Amino acid sequence: MGNELLRVENLTKRFGGLCAVDCFCGTLEANQIKGIIGPNGAGKTTILNMISGVYPPTTGQIFYKDQDITKFQPHKINHLGIARTFQNIRLFQNMTVLETVKTAYSWRAPYSAIETLFSSPRVQKFEREIEEKSMHFIDMVNLKDCAKSNAQSLPYGLQRRVEIARALASEPTVLLLDEPGAGLNQTEVRDLVELIRRLFIDLSLSILLIDHRMDVIMQLCEWIYVQDFGECISQGTPEQIQNDPIVIKAYLGEEINNA
Amino acid sequence: MDLIEIFQQVINGLSRGAIYALIAVGFAIIVNVLKFSNFAHGGVLGISAYAGYLASSQFNLSFIPVVLIGMVTGAIVAVLVEFIAFRWIRMQKGQLVYFFVTSVTMLMLLEQILVIRFGSFFDTYPYDLIKVKFINIGELSISVTYLISLAVTIVAFGLLIYVFKKTKIGIAIRAASNDMTTTSLMGINTGMVIIAAFVVSGMMGGISGVLFGISTSLSPQIGQVVVKGFIASVLGGLGSLTGVAVAAVALGLIEVFLVSTIGSGYSPVVIFALMIAFLLLRPQGFAGVSFTDKA
């Protein structure tokens, strides 16, 4: 496959005796949205953590553009073009939205620490560029009016957008979204799906999306992996997944009973 | 005390407090990033104070170059301390208490290096480093040394605020202070951020060492003034640099007034008693964010 970006092979993570992820295999191609679905504790976030470098897998390998990135440090993986958001929003305290977004973009500015001290025109020029570029990403998620507000004082739904803007600011090829719909109400989820779709098209991103909410996943993804208790029990298009008896038994069945 | 005397003490207190603020902020930067109390900062301060002393007594340099030499020395020593003492513990993901114990050990080690080189006597900066000693305004006579210390501190703080608010390095240090993992996931090399934090902290430590050396006297134990930085960091709330600076100035003022009323013997007793009381009442400090784990 020519345009395959991300490939994971037999990804396994054990925490002590607990096997959080067992032999997960999957791929992500350019300009594709794939999803991983599964109930809480199915190992979805663990997969994202391994891909983004928070911790290495116990066994298995991760390839990005055919390069083995399994043991790379998180910032290296980010530099290659993989950015992410978090299920439990992880914004920085005492930072404005603008500053938060700057964190992910500003490391690119090619000025040295010594120059910083003298605040040379070069430094000022780069810092202006960083600011403009960061505003551009903030604008992309429709938060322009909040750019100067403290990021953590915003409503939950908007904080999600700040996280997305921060992830975009590292100009990724692959975006990993960890339960972007968590804690949002129906309207907010609708806006979010809209936003993700728009970013996907405008920035020609490839997105790996995790959620336990069917509506988010079904609306966005063209291919879905179903995780249950660390194992990948099924994969396919949304239609295939919705009609797969194993999935219905393991996951949807529960939901229908609850509803 | 009459009014003149009070005014005089306020100036003394402010200048002392300003130096404490520099010490405390240098100390607090490392607390924020690595979450442990870095007493080796005292050693950095001590070595820089003597570096400034050598520059002025041996090479007859004037005030501003001496301060700059102190600043550069501070940065270099701080990075060396990180490299020699803390890096390995970081790589092993060691517990905070190991960092803490190592930092106290480094303080003692650096002190001993000073004892070997300079003996355990008191030295003073050359008398004519600051030519005019006092400005007299009516009955008031104000120490120029104190005024200059105050001015240098203000400049240093201006620089610090600029770096933290406006540059990529400052933003990265602030982000790493908050959440190291997320920071590195955003593409920031946290190893470099930690070195940058030690550079900035060391620069502050270097300047404060020279200023403290000039306004008092030098002994190899000069680094122990880092305790004042520690007190101010705790009082100010370890998460907030502004809170720390305010607490340090307050500490300077209180100390000067205590020394002039109850004497220098009892003054530390009162200050530590106040600190204990404060910790019981408001452990997160004036402006504090509370840390769950600190050593």
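Analyst: A residue is called buried if 20 or more other C-beta atoms lie within 10 Å of its own, exposed if 12 or fewer do, and partly exposed in between, with C-beta atoms placed from the backbone. By that count, 44% of the 259 residues of chain A are buried, and in chain B buried residues make up 49% of 295. The model is a predicted one, in which local features need pLDDT of at least 70 and side-chain atom pairs count only at pLDDT 80 or more, while totals for chains, interfaces and linings use all residues. Residues are numbered from 1 along each chain as its sequence is written, and chains are lettered from A and ligands numbered from 1 in the order in which they are written.

User: Why does the radius of gyration of chain B agree with a compact globule?

Analyst: A compact globule of 295 residues would have a radius of gyration near 19 Å, and chain B has 19 Å, so the two agree. The box filled by the C-alpha atoms of chain B is roughly 60 × 45 × 35 Å along the principal axes. Chain B contains eleven helices and two strands, and from the N terminus on its elements run α-α-α-α-β-β-α-α-α-α-α-α-α.

User: What is in contact with Ile207(B), leaving aside its neighbours within four places in sequence?

Analyst: Two residues are in contact if their C-beta atoms, placed from the backbone, lie within 7 Å, and by that test Ile207(B) is in contact with Leu22(B), Val67(B), Gly70(B), Met71(B), Gly74(B), Val152(B) and Ala156(B). Of the contacts in chain B with a separation of 6 or more, 79% join residues 24 or more positions apart, and in chain A the corresponding share is 65%.

User: What makes a set of residues a nonpolar core, and which members of the largest one touch the most others?

Analyst: Such a core is a set of buried Ala, Val, Leu, Ile, Met, Phe, Trp, Tyr and Cys residues joined through C-beta atoms within 7 Å. The largest has 151 residues, and the members that touch the most others are Ala165(A), Ala24(B), Val25(B), Ala197(B), Ile207(B) and Ala248(B). Helix 1 of chain B, residues 3-34, gives the most to this core, with 15 residues.

User: How do you know which parts of chain A touch chain B, and what kinds of residue are there?

Analyst: By the contact test, 26 residues of chain A are in contact with 23 residues of chain B. Helix 3 of chain A gives the most to the chain A side, with five residues. That side divides into nine nonpolar, eleven polar and six charged residues, where Ala, Val, Leu, Ile, Met, Phe, Trp, Tyr, Cys and Pro count as nonpolar, Asp, Glu, Lys and Arg as charged, and the others, Gly among them, as polar.

Technical notes:
Helices (H or I, at least four residues) and strands (E, at least two) are DSSP runs, numbered from the N terminus. The radius of gyration is taken over C-alpha atoms; the globule rule is 2.2 Å times the number of residues to the power 0.38.
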